[in-house]
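Me: I've got a model open and want to talk through a few bits of it. Can you take my questions one at a time?

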Amino acid sequence: MANPTAPATNAALAYLVPEFPSQTHAFFWRELQAIEQAGVRVQLFSTRRPPADACQHAFAGEATARTTYVYPPSLADAGWLLTRITRWPACLGYLNSLTGSGPKNRIKFWLKRLGLLACAAGLARRCKRDQLQHLHAHSCADAAHLAALAHHLIGLPFSTTLHGDLPVYGTDHPQKAKPAAFVAAVTKPLQQQLINDAGLTPDRAPVVWMGVDTDRFGGGGGGG
């Protein structure tokens, strides 16, 4: 829930985290709360529901309850996608630009990519319905494909964050990065990877350092 004392704004953000919440996701939850305290309305999305025991933090129940999972896509998502037929060329062009696994696996490749499109339709449909103004994906893997496809479907601006070495997050990073407003990196070496391997300029690859809750840990108690 947003902080009732936060300044009122009209900003509304879609916040996409893969398999949220999981045990390592405490920093996402802290960031989300800080954004809400700044007066921004945040709507949580995730790729798929994690196992029930994936997160032992106290916030797990609340986080799960307020998260919309885009996989599996629904019939309503598929029906909505049919209404966006004028956007299909951009989406199919994007999917066709991605690297495949060779001729023998071409059918499997396209089935997976069309599945991504169906999930992206669900994400885009809800963002449009709820008048969300920007989508941020905390991953440069398939979640970045979802964000890019949602952008092609409804024109929604999006961004992503790189949390580790770029090769860990798959391939086709120039395609993911090209339509993004920016791709944040959590260290300067990762920023350099985005510049070298994803074709970004420094201004579109800002460094955003991860931190701690200073109110919680900076109480001046002088503990060891």
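Me: Which residues in helix 5 do C91, L92, L95 and N96 in helix 4 meet?
Reply: Bear in mind that this is a predicted model, where local features need pLDDT of at least 70, side-chain atom pairs count only at pLDDT 80 or more, and totals for chains, interfaces and linings use all residues. Numbering starts from 1 along each chain as its sequence is written, and side-chain values use heavy atoms, with hydrogens and water left out. Taking contact as heavy atoms within 4.5 Å, the helix 5 partners are R106, F109, W110, R113, L114 and L117.

Me: Are helix 4 and helix 5 parallel, perpendicular or oblique to each other?
Reply: The axes of helix 4 (residues 88–96) and helix 5 (residues 106–129) come within 11 Å and cross at roughly 135 degrees. Axes here are lines fitted to C-alpha atoms, for helices over the stretch in contact, with angles from 0 to 180 degrees between N-to-C directions. Under 35 degrees is roughly parallel, over 145 roughly antiparallel, 65 to 115 roughly perpendicular, and the rest oblique. So this pair is oblique.

Me: Is D172 buried or exposed?
Reply: D172 sits in the loop between strand 5 (158–162) and helix 7 (173–177). Its phi is positive, about 60 degrees, although D172 is not a glycine. With 7% relative accessibility, D172 counts as buried.

Me: And what does E19 count as?
Reply: E19 is in the loop between strand 1 and helix 1, and has a positive phi near 45 degrees despite being a residue other than glycine. At 35% relative accessibility, E19 counts as partly exposed.

Me: Which peptide bond is cis in the loop that holds P72?
Reply: P72 is in the loop between strand 3 (67–69) and helix 3 (75–82). With omega near 0 degrees, the cis bond is the one from Y71 to P72.

Definitions and conventions:
Helices (H or I, at least four residues) and strands (E, at least two) are DSSP runs, numbered from the N terminus. Buried means under 20% relative accessible area, exposed over 50%, partly exposed in between (1.4 Å probe, protein chains only).
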